[in-house]
Amino acid sequence: MPAVRKQDNLIQLIHSLTPSEKKHFRQYIAEGETGKDYAKLFDTLQKADHYDAEALSRELKKSKKNLADDKEYLQEILLRSLNNFHAQTMYKARVFNGIIETNILAAKGLVHFALAHIRKIKKGMLTGDEDILYYQALALEANLVSAITPGGLKENEWAKKTGDELVSRLEAGALNNRMVSLSSRIQDLSADIKYIENKAVQKEARQLMEEATRLAKGKKLPSRIYMNYHNLLSQYYFFLGVDTRLAMQNVRKVIERYESETKDFKQFYAYLYCDCYTDLLQCVFELREYNEVGHCIEKLKEIAAQKISRQVQIRAERRIFHFSVLLRTATGEHEKALKFIEANIAAYKELTSTDEDLALVELLKAINLFHLQRYDEALSVLLPLLSSDAPSQLPETRISARALNLMIQYEIGNLASLPNYLRAAQRFFTNEGLMTREVTIFLKLMRHLHKHSARAPLAEFQKNFEEVYSAHRFEIIGYFVIWPWLSRLAKKKKP
């Protein structure tokens, strides 16, 4: 297998530039004597998909050392050009440059001018933001107020007001950080595959939520903290299997608050908006209210089409692919699901998809083939996920892959070998710490089907799974494999 080339940062940066940014760069370097040399290097790298020092040295007639120096300097010029281009349009750049300008004015002794300038900058900052830049602007304003001489009642009142606001903002920032910390802990707890059965985990989660509610009680929360708080509530209700409806209500509150904010705020926190629709989609799938999926996917498409960071666009595009496949799978459109995967998988792989993401896609492909009763094809897709050198996978993917293999063996009539497969699966789940209540019920079902196929109490098993998953988070094995399979088996066994 050929070695994977390491992506070059400068080439990636050049490929990411918009036409307007490229035009500005050319104008930016045109004034310098060496501008043509760097423009030529820029044009050459723009056509390249990887950095080849040997080929570039020959083409540009430069030594490797000089080429490396030029490449380093070109990167610096590009970053300065981008800074200059976005100085007035990008929120963070405006604020950061405004703080630098204020410090320059203060250093020249123009304290009143500096104070007026930082107040103008501060006025345009995000009202719901708790960013460190706001604290820097407030602290700078407080220092400038205290430096004004001669002192007097007016100056003292300024100093008090500015100091009070700084303290208030710092307290809000501390509250926001605590909310983020609590949210991270909730996610850590839900990462334990057996948390539903663990009373200690459930108790700790409740205590975390009580602390969050106590911190927020009676306060008029700034937008960012408000959204963090309700996001935390939704994670608790959903990921810890407490109440999916309440999870949806809290996600919707975050969405409503976001949509009521300013354009700058929305642009800066677009990633949170994307995550909210992801959480909403997971709740919708758990409740099997598939009519809402289309609306959420359209919202993700709107996010991806906005002028936001490429990272957020990639996040939205990956989720559009993921949930589009899940929708077709969940609603029984298995041929369409397979065609969608085939048509879009190349683009999906370009979105920096992880091994875990790609393993999940392969699993979904196998599931759709299974439901179409194309068992040989399903096995050929599934077996690489079961091998000893399989790519890294999430626990849910690993459980679902093993369960699907057992179901295929049953369907193709491999009953003689099924006990061996069952023992192997039991060892795997036990050794990997994946023997959850759901897995236990499933293995019991497979043993019963093997022994008493014609008299298997399918309705009873389906009821058991319903009860388990109604108190559980979003899972592939239940929604897209076992429930539809049990329904199909029940129909087959009717006289």
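Buried means under 20% relative accessible area, exposed over 50%, and partly exposed in between, with a 1.4 Å probe and protein chains only. Arg252 is partly exposed by this rule, with a relative accessible area of 32%.

## Basis of the model

This is a predicted model, where local features need pLDDT of at least 70, side-chain atom pairs count only at pLDDT 80 or more, and totals for chains, interfaces and linings use all residues. Residues are numbered from 1 along each chain as its sequence is written, and side-chain values use heavy atoms, with hydrogens and water left out.

## Confidence

pLDDT is the predictor's confidence in each residue, from 0 to 100. Its mean over the protein is 81. A value of 70 or more is reached by 88% of the residues. Over residues 1–6 the pLDDT is below 50. Beyond near neighbours in sequence, this stretch has 1 contact in the model. Contact means heavy atoms within 4.5 Å.

Helix H19 (residues 375–386) has the highest mean pLDDT among the elements, at 94. Helix H23 (residues 458–470) has the lowest, at 69.

## Overall build

The protein has 24 helices and 0 strands. Helices (H or I, at least four residues) and strands (E, at least two) are DSSP runs, numbered from the N terminus. The protein has 495 residues, and 48% of them are buried.

## A nonpolar patch

Phe96, Ile100 and Ile104 make a nonpolar surface patch of about 280 Å². Patches are made of residues with over 30% relative accessible area and no salt bridge; like charges are joined within 9 Å, and nonpolar side chains (Val, Leu, Ile, Met, Phe, Trp, Tyr) within 5 Å. Ile104 sits in helix H6 (residues 91–107). Its relative accessible area is 45%, so Ile104 is partly exposed.

## A buried glutamate

Glu141 lies in helix H8 (residues 132–147). Is Glu141 buried or exposed? Its relative accessibility is 5%, so Glu141 counts as buried. The side chains of Glu141 and Arg119 are joined by a polar contact of 2.7 Å. A polar contact is a pair of N or O atoms within 3.5 Å; within protein, one must be able to donate a hydrogen and the other to accept it, and residues adjacent in sequence count only if both atoms are side-chain atoms.

## Salt bridges

A salt bridge is a side-chain nitrogen of Lys or Arg within 4 Å of a carboxyl oxygen of Asp or Glu. By this rule there are 16 salt bridges. One of them joins the side chains of Arg252 and Glu292, at 2.9 Å from N to O. This pair links distant parts of the chain, 40 residues apart. Arg252 is in helix H12 (residues 244–259), and Glu292 is in the loop between helix H14 (270–287) and helix H15 (293–305). Glu292 is partly exposed, with a relative accessible area of 22%.

Glu335 and Arg374 form another salt bridge, with the closest N and O atoms 3.4 Å apart. This pair also links distant parts of the chain, 39 residues apart. Glu335 is in helix H17 (residues 334–350), and Arg374 is in the loop between helix H18 (355–371) and H19. Both are partly exposed: Glu335 at 40% relative accessibility, Arg374 at 28%.

Glu298 forms a salt bridge with Lys301, and the closest N and O atoms are 3.5 Å apart. The two residues are 3 apart in helix H15, so about one helical turn separates them. Glu298 counts as partly exposed at 43% relative accessibility, and Lys301 does at 41%. A network of salt bridges links Glu259, Lys299 and Glu302.

## Positive phi in two loops

Arg288 has a phi near 55°, a positive value in a residue other than glycine. Arg288 is in the loop between H14 and H15. At 35% relative accessibility, Arg288 counts as partly exposed.

Gln373 has a phi near 60°, again positive in a residue other than glycine. Gln373 is in the loop between H18 and H19. Its relative accessible area is 49%, so Gln373 is partly exposed.

Conventions: Areas by Shrake-Rupley, 256 points an atom, 1.4 Å probe, with all protein chains shown as cover.
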